[in-house]
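Hi everyone, thanks for coming.

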Amino acid sequence: MTREDEMPDWEGAQEFYAKYDPKDVLGRGVSSIVRRCIERKTEIEYAVKIIDITSEHLTPEELEEICTSTAQEISILKQVSGHQHIISLNDCYESSSFYFLVFDLMKRGELFDYLTEKVTLSEKEARSIMRALLEVVQFLHSKNIVHRDLKPENVLLDDDMNIKLSDFGFSLQLGPGKKLKELCGTPGYLAPEILLCSMDETHPGYSKEVDLWSCGVIMYTLLSGSPPFWHRKQMLMLRMIMDGNYNFDSPEWQDRSETVKDLVGISEISHLLVVKPENRFTADQALAHPFFQQYVVEEVRHFSPFRKFKTIIWTVLASVRIYYKYRRAKPLTKQVLIRDPYAIKGIRKVIDGCAFKVYGHWVKKGLQQNRAALFENSPKAFLFSLGNECGYVSEQRME
């Protein structure tokens, strides 16, 4: 029996349109479109992902793959339903032509767009976002679910800036001891072992550790405003990922604490951006890192003349030091701005913001500091370069 015999052509679509009124487009994918919609009875706003399974631009094999992955995504979303940081699937409908997946509407949009607007986040804000994301990963891994496509575009924000993880199209639930070998995900966020699997048929495969690598890439990007791995030539970027070749040389890292650098990956201990998956932090270990620890100290106030006098002395000394420091400071003149405007943090942010408004993307500042790379997630071009190098191309599950 064929798929068309199993289901009337428009039955699922009619049910959706009877309950919801679709509105403006929020986003588009290769075979899907996301629209804002309103439930007719309650007038509550939602987001509906409409997946086309009749596209003329896809082969029958690719369409079957989309159907399989969508059914798999629905199954996993039902398993993880109720977690505060995972997008809720409220309704789903299916016809022979379309899937309709109805989710909560996240009005603040993607974390990617928020980062684009702010350029970099403070350690406090990055800590809040990454703690929530790692808690989601911890929850998924406890159920042996690997996401495989963690990136800022798949992290959504609600009105209160709480995150919701979305897009479980590449997610799988692993059996005991099972390893994966499929090349899928987004260039720039792929773990080294995923790339090695595509090049070496004898590679044992990869597992849940790939999600922690992606978390490291996201955290690095939130704090610096640029990805850790980027190069104009895709194969050189590939080599940087497999070698774990990144640094903290950009100006944005100068004001960051050593604690956060340690977590992302600069010391000799296990952390997130470490090439060998067996040495990489798990979600439990990452959350136990000092960067995420909060210490609550009970405040006890006792009057002490000595302590009060000491505080006054410190205040006076600090005031004197501030006065002499700024007294010797050179004024910000036209000549200083012309000579090296990018050396001044405040001016640097103004330049970045203006450049983005003029060009629509971040402009290149140097080989190791390129915010334009955030806008170059081109999986097909990446895989084409990879395929030319190793004689193998797999695009079936890349979007």
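So, starting with burial: of the 399 residues in the protein chain, 45% are buried, meaning under 20% relative accessible area with a 1.4 Å probe, protein chains only. Please keep in mind that this is a predicted model, where local features need pLDDT of at least 70, side-chain atom pairs count only at pLDDT 80 or more, and totals for chains, interfaces and linings use all residues. Residues are numbered from 1 along each chain as its sequence is written, and side-chain values use heavy atoms, with hydrogens and water left out.

How confident is the predictor? The mean pLDDT, the per-residue confidence from 0 to 100, is 80 for the protein chain, with 79% of its residues at 70 or more. Where pLDDT is low, the predicted coordinates should not be read in detail.

Now for the fold. The chain has 14 helices and eleven strands, taken as DSSP runs numbered from the N terminus (helices H or I, at least four residues; strands E, at least two).

Helix 5 (residues 123-142) and helix 7 (residues 209-224) have axes that come within 10 Å and cross at roughly 170°. Those axes are lines fitted to C-alpha atoms over the stretch in contact, with angles from 0 to 180 degrees between N-to-C directions. The crossing makes helix 5 roughly antiparallel to helix 7, a label for angles over 145 degrees. Among the contact residues are Ile129 and Leu133 of helix 5, and Cys215 and Met219 of helix 7.

Key:
pLDDT is the predictor's confidence in each residue, from 0 to 100. Buried means under 20% relative accessible area, exposed over 50%, partly exposed in between (1.4 Å probe, protein chains only). Angles under 35 degrees count as roughly parallel, over 145 as roughly antiparallel, 65 to 115 as roughly perpendicular and the rest as oblique. Contact means heavy atoms within 4.5 Å.
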